[in-house]
Amino acid sequence: MHRTATLPDTPKAPPAGLARALLAARVVHPFPTLLNVAATAALAAVAWRGDPPPALLARLLGVMLLAQCAIGTLNDYVDRGLDARSKPWKPLVAGYLPPPIALAAGLALAAAALALAGTLGPAGFALAALGLACGLAYDLGLKRSAFSALPYMVAIPTLPIWVWAVAAAWRGVLWWLVPLGALLGLAVHLANTLPDIDADSSCGVRGLAHRLGARCSMAFAWLSFAAALALSAAIAPFASYDLAWYLPAAAAAAACLAASIAIYALRRDAASLQIGFGLLGAASAIIAAGWLAAVTA
């Protein structure tokens, strides 16, 4: 009987050139970064009634792009030990980008964001710095504490407040963004944490969602979002809503919430948690844009 020789697997060559650069670029978390840039552009379109000044819009988007890239890069730098156990594909863990370079890049991006924000006036600079500080505080430790939702609850309302301040279009009714944005921020944070809750918990991460557990966190995310919807409707008597903007946005956001609940009830798996985060994220953007358009029309 002849035995067929088995050759050892040939190790894969590490990527080089453009392929390596693209893999390294994932350190900036491209999807959420570009999503925040797109949200800034949409809010600017509403604040300037569809005609934002091109140069000012470019600076707004530049600040957001630089700040989000800094937050993503420093997040991966701080989490590289945790990622080595649960996310080996991350650029710093996989060796596509040396940690010292990631640290230097993150700090340089943060400095560039602040420098560019300085051209937006005192309020524009202060609010941009607050948003950046929220992201960095989350990276540097709050994500592992019971206060992990706090950066989201502050940063989400800060974004539209920043855009309206730079547009010099502030009005008193926009103070309602603070409680509305805080509720949306809590919902988005909990939903965002859930897909990784088991892997994070096994590595000792103890954020708010990890302390509450998956089921309670999902329920609190739904309740927080529902509370934001209810509050947006309750304050209608105190604000001159353009219902042509508000009602479709509220209906679409409610439909996303219902879909998130239904999918989780039917599947109760990791994919349903990821879909739920996507739905609540989209719903938050929809109700925020619709509410802002309704009160500033």
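Cys69 counts as buried, with a relative accessibility of 11%; buried means under 20% relative accessible area, exposed over 50%, and partly exposed in between, with a 1.4 Å probe and protein chains only. This is a predicted model, in which local features need pLDDT of at least 70 and side-chain atom pairs count only at pLDDT 80 or more, while totals for chains, interfaces and linings use all residues. Residues are numbered from 1 along each chain as its sequence is written, and side-chain values use heavy atoms, with hydrogens and water left out.

**Cysteines**
- A search of the whole structure for disulfides (pairs of cysteine sulfur atoms within 2.5 Å) finds zero.
- Cys69 is in no disulfide, and the nearest cysteine sulfur, which belongs to Cys134, is 18 Å away.
- Cys216 is partly exposed, at 41% relative accessibility.

**Nonpolar cores**
- A nonpolar core is a set of buried Ala, Val, Leu, Ile, Met, Phe, Trp, Tyr and Cys residues joined through side-chain atoms within 4.5 Å.
- The largest nonpolar core has 56 residues, of which Trp48, Trp162, Val163, Phe225 and Trp291 touch the most other members.
- Elements that give two or more residues to this core include α2 (30–47), α3 (54–78), α8 (150–166) and α14 (270–296); helices are DSSP runs of H or I with at least four residues, strands are runs of E with at least two, and both are numbered from the N terminus.
- With eight residues, α14 gives the most to this core.
- Leaving aside neighbours within four places in sequence, Trp162 is in contact (heavy atoms within 4.5 Å) with Thr40, Leu60, Val63, Met64, Leu120, Gly124, Leu127 and Ala128.
- A second, separate core has nine residues, among them Ala24, Val27, Leu92 and Leu97.

**Positive phi in loops**
- His29 lies in the loop between α1 (17–25) and α2, and its phi is near 55°, a positive value in a residue other than glycine.
- His29 is partly exposed, with a relative accessible area of 22%.
- Arg49, in the loop between α2 and α3, also has a positive phi, near 55°.
- Arg49 is exposed, with a relative accessible area of 57%.

**An exposed tryptophan**
- Trp175 is placed in the loop between α8 and α9.
- At 54% relative accessibility, Trp175 counts as exposed.
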